[in-house]
Structures are given as structure tokens and as C-alpha cells.
Amino acid sequence: MKRLVSLFIAMALVLSLVPAMAFAVDVRTVYLDPASGLDTNDGLSEAKPVKTVAAAYAALSGADAGKVVFLSTLSLSALTNFPATSIPVTLTSKTGAEGISSSKNIYFNGPTTLEKMTLTSRAADGTVLLAGGGHKFTIGENVVTEKTTSYYFSLCGGSNAGDCNGVDLTVKSGTWRNIYIGSHAARTVDGDCAVSLSGMTLTGGVLSAGYQATITGDITVSITDSTISSIYALVNTSAGCVQ
């Protein structure tokens, strides 16, 4: 009887490990140093960072999820497309002071979260977009936004570059000029849009469905503990409802 009880206990212990083993997630951290990194490095330690975004994303190949840690600020002067990815990628920084500085639009081409970093807009005129492209797009905690000229970055759940299926946009920090749920161009969002805003500020611009954008589904917007300067034209001829 003692042997039988021991066998049952051993089997129970083995079975208890199966879910953890089956659902283990490979979250890979890659270090990016645009100032002094080398793309010949593997990027898997702070001592051997890569230099370019392309190399950082390449180092995430085969992982279930990724984190890219900025060790210095990435400065951009041309429209930039981040690499396409099907895994969720979090962009963050070592101290929060590092991040991205840009004078042109930035398009993210996969599920992306930005957190604990500094974003600097150098727009000479008009607005500079950070666009989620219809993927799950999150501005997480401790994102500091700065501007060197007149305007903060604007956010876009869709993309000026093309149509998309649905929008999932969450903003938990930062100061922004505009938030376009669809796009800032004549593009179509063929699906529902969910927007959650908390702990953030919208100043000098609007929260809108998008300039010239068409949204065929429903728009659901949740706003808590935020300052919003203006909400404009959330409902267009195609949208079903707004909450």
C-alpha cells in the first residue's frame, strides 16, 4: 500500500509540472545601442549590444515574445518602418532617459509596447505620427514625451501606409498632440476599434476617428484619469457606435 501511495504522489507531481512546461514562454531580451553597438554582436547582453533596429529584431527570431532595451537614443530623420513581426515586442530603455527621437513618422509592424523611455518629436511643421498599423499598440507606463519645436508626437491606431483590420490602442502615459483611431489619411479600418486612455494628456489637438479615415466597425473608447483637449468626429458614416 505504501508503494502504491508513493507511486500516486510521484505521478501527481509529474502531472503538476505539465502545464508549466507546456505553456513556458521564451521572452528574449535584446540590447540596442545606436551610438556604439555593433551588428556583429549577438545583442543578448548589455556588454554586446547591436547597433540597428533591424539587427535587434533579427535577434528575436524564434522567440515567443521580445524585449528591446535601448542603451542610447535612436535618432531618426526619415520615415521609418520597424521590422514586421508576429510576436509581441516591448521597446524600453535602461534608465528611461534613452528612447527615440524623430522628425518623421514611425510605423510599427507588429504587436508593440513602448514603456519606460523618452520620445522626442523634432517635427519642423505639422504632426509626426507613431502608428500601430492595426496591430495591438500600447504606450505603457513611464513614457516621457518631449518636443524640440511646436508639436508633440501624435498617435495612430491604424496607419497612413495602408488599410488594416481593426484597432487595439492603449495609452497609459505621455503627452500627445493628436490621437487618430484610424489614420491621418484616406485609409480604411475594416473592423472594430478599441481605445483605452489612462494617465495621459492630449493637448493642442484632437481625439478623432481620423482625418479622412473610414471605420466600418464599432468604436469603443475608455478614458480615465486623463486630460483631453478635444474630442472630434468620432462617429463617421461607417462607424456603428461609440461608447
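In this predicted model, A84 is found in the loop that runs between strand 4 (80-81) and strand 5 (89-93). Its relative accessibility is 69%, so A84 counts as exposed, the cut-off for that class being over 50%. Although 24 residues separate A84 from F108 in sequence, their C-alpha atoms are 7.6 Å apart in space.

When neighbours within four places in sequence are left aside, A59 is in contact with R28, V30 and D42. The C-alpha atoms of A59 and N41 are separated by 9.8 Å, and the two residues stand 18 positions apart along the chain.

**Aromatic pairs**

A pair of aromatic rings is described by the distance of the centres and the angle of the planes. Across the whole structure, a search finds three aromatic pairs. Two of them are described here.

| Pair | Distance of ring centres | Angle of planes | Class |
|---|---|---|---|
| Y57 and F82 | 6.0 Å | 75° | edge-to-face |
| F82 and F108 | 4.8 Å | 50° | tilted |

The Y57 and F82 planes meet at 75°, so this pair is edge-to-face, a class that requires an angle over 60 degrees. This pair links distant parts of the chain, with Y57 in helix 2 and F82 in the loop between strand 4 and strand 5, 25 residues apart. Both Y57 and F82 are buried.

F82 and F108 are both buried.

Which residues form one aromatic cluster? The members are Y57, F82, F108 and F137.

**A charge over a ring**

One further arrangement involves a charged side chain and an aromatic ring. The charged end of R177 sits over the ring of Y151, at 3.8 Å from the centre of that ring.

How values were computed
Residues numbered from 1 in each chain as written. Predicted model: local features only at pLDDT ≥ 70, side-chain atom pairs only at ≥ 80, totals over all residues. Heavy atoms only, no water. Helix = DSSP H or I, 4+ residues; strand = E, 2+ residues; numbered from the N terminus. Buried < 20%, exposed > 50% of the residue type's maximum accessible area, 1.4 Å probe, protein only. Contact = heavy atoms within 4.5 Å. Phe/Tyr/Trp six-rings, centres within 6.5 Å; stacked < 30°, edge-to-face > 60°. Lys NZ or Arg CZ within 6 Å of the ring centre and 35° of its normal.
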